[in-house]
Amino acid sequence: MNWTSRASNATYYDVNGTLKKSSYNLVLYSEEFDDSFYSYSTRLTVDPNTAVAPNGTFTADKIIGTSNNDQKYAQFTANVVSGFQYVFSLYAKKDEYEVLQLQASNANFTGTLPYANFDLANGSLGSFDDCLPIIEPVG
């Protein structure tokens with residue numbers, strides 16, 4: 001398969017002949033966690049390009065906690081619209097920390113903020129609310 005860059009999002013017709021917009025990444029710099037697109041708590045630093053990424057390139061970033069006792073977070077802004085479903089995925093592996101929590105926080109989310117805890121040491125799900133989390137080993 002060849003990748004072609006586009007100035008706009010692709011469209012296609014589904015089996016019923018309905019014009020649809022193809023899926024696309026809402027997260028800018030999704031492979032560059034050291035970019036200023038992300039903001040971090042003062043308890044985190046990013047060490048870029050420290051390991052082999054799932055695609056075989058040496059581009060995986062390491063997010064490092066500078067304190068063991070406090071909440072740590074990395075955040076970014078994505079434009080979302082109420083009433084639509086969104087998929088968020090990432091590759092993560094255990095190093096110093098065993099649990100990763102993903103949480104959506106946006107004015108367009110009402111009620112309980114969707115979140116999921118992932119046990120990276122055991123490859124299992126922890127607690128979650130208002131989402132359908134999945135954890136899969138990738139080797």
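How many bridges join strand β7 and β8, and in which sense do the two pair? They pair in the antiparallel sense, over five bridges. Two strands count as paired if DSSP finds at least two bridges between them. Strands themselves are DSSP runs of E, at least two residues, and are numbered from the N terminus.

Some housekeeping. This is a predicted model, where local features need pLDDT of at least 70, side-chain atom pairs count only at pLDDT 80 or more, and totals for chains, interfaces and linings use all residues. Residues are numbered from 1 along each chain as its sequence is written, and side-chain values use heavy atoms, with hydrogens and water left out.

Back to the strands. β7 covers residues 99-103, and Gln-101 stands opposite Asn-117 in β8. β8 itself runs over residues 115-119, and four of its five residues are buried, meaning under 20% relative accessible area with a 1.4 Å probe, protein chains only.

β8 also pairs with β9, residues 124-129, again antiparallel, over four bridges. Phe-118 has Leu-125 in β9 as its bridge partner. The hairpin of β8 and β9 has four residues between the strands, and Gly-123 there takes a positive phi near 65°.

Now Ile-135, which sits in the segment after β9. Ile-135 is partly exposed, at 27% relative accessible area; that class lies between buried and exposed, the latter being over 50%. Ile-135 and Gly-123 are 12 residues apart along the chain, with 6.7 Å between their C-alpha atoms. Leaving aside neighbours within four places in sequence, Ile-135 is in contact with Phe-118, Asp-119, Gly-123, Ser-124 and Leu-125, where contact means heavy atoms within 4.5 Å.
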